[in-house]
Amino acid sequence: MQPSIIHSLVPPLVVLVPLAGGVLAGLFGGLGRRVRVGIVGVACVATTLLVLSLLPAILDGGHVHSGTLSLMPGVKLFLRADAMGTLFASTLCGLFLLSFA
């Protein structure tokens, strides 16, 4: 039986949401520590929810793929979420959430 392949925008979002949260925390860092922590916390919760949204497809034995993004001629970016990658990402998100508790 072939594993099912699901095309989704979630893998790039899992990468971009923490990056955007870090950039926003840097830009609005002058407003105070609580604002920085709040922005990073929202980015962490959003990333955790995105990773958890991958679990049903992964637990069914599938893989979640993103489209191919051509960065420059000859350089392409392709993101794929499988069981080990999702386990690693969910572990990291869980540890990061624990650091906020």
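Buried residues (under 20% relative accessible area with a 1.4 Å probe, counting protein chains only) make up 25% of the 101 residues in the chain. The model is predicted: local features need pLDDT of at least 70, side-chain atom pairs count only at pLDDT 80 or more, and totals for chains, interfaces and linings use all residues. Residues are numbered from 1 along each chain as its sequence is written, and side-chain values use heavy atoms, leaving out hydrogens and water. The chain exposes about 6,900 Å² (Shrake-Rupley method, 1.4 Å probe). Carbon and sulfur atoms supply 73% of that area.

The chain holds 3 helices and 5 strands. These are DSSP runs, with helices (H or I) of at least four residues and strands (E) of at least two, numbered from the N terminus. Their order from the N terminus is β-α-α-β-β-β-β-α. Along the principal axes, the C-alpha atoms fill a box of roughly 55 × 35 × 15 Å. Among contacts (heavy atoms within 4.5 Å) with a separation of 6 or more, 63% join residues 24 or more positions apart.

Helices H1 and H2 pack against each other. Their axes come within 8 Å and cross at roughly 175°. The axes are lines fitted to C-alpha atoms over the stretch in contact, and angles run from 0 to 180 degrees between N-to-C directions. H1 is therefore roughly antiparallel to H2, a term for angles over 145 degrees. On the H1 side, the contact includes Val10, Leu13, Val14 and Val17. On the H2 side, Thr47, Leu50, Val51 and Leu54 are among the residues involved. The contact residues divide into 14 nonpolar, 3 polar and 1 charged. Here Ala, Val, Leu, Ile, Met, Phe, Trp, Tyr, Cys and Pro count as nonpolar, Asp, Glu, Lys and Arg as charged, and the others, Gly among them, as polar. Val14 touches Thr47, Leu50 and Val51, not counting residues up to four places away in sequence.

The largest nonpolar core has 10 residues: Val10, Val14, Leu50, Val51, Leu54, Ala57, Ile58, Val64, Ala81 and Cys93. Such a core is a set of buried Ala, Val, Leu, Ile, Met, Phe, Trp, Tyr and Cys residues joined through side-chain atoms within 4.5 Å. Helix H1 (10–27) and helix H2 (33–59) each supply at least two of its residues. H2 gives the most, with 5 residues.

Thr86 lies in helix H3 (residues 83–100). Thr86 is buried, at a relative accessible area of 3%. Neighbours within four places in sequence aside, Thr86 is in contact with Val51, Leu54, Leu55, Ile58 and Ala81.

Notes
Buried means under 20% relative accessible area, exposed over 50%, partly exposed in between (1.4 Å probe, protein chains only). Angles under 35 degrees count as roughly parallel, over 145 as roughly antiparallel, 65 to 115 as roughly perpendicular and the rest as oblique.
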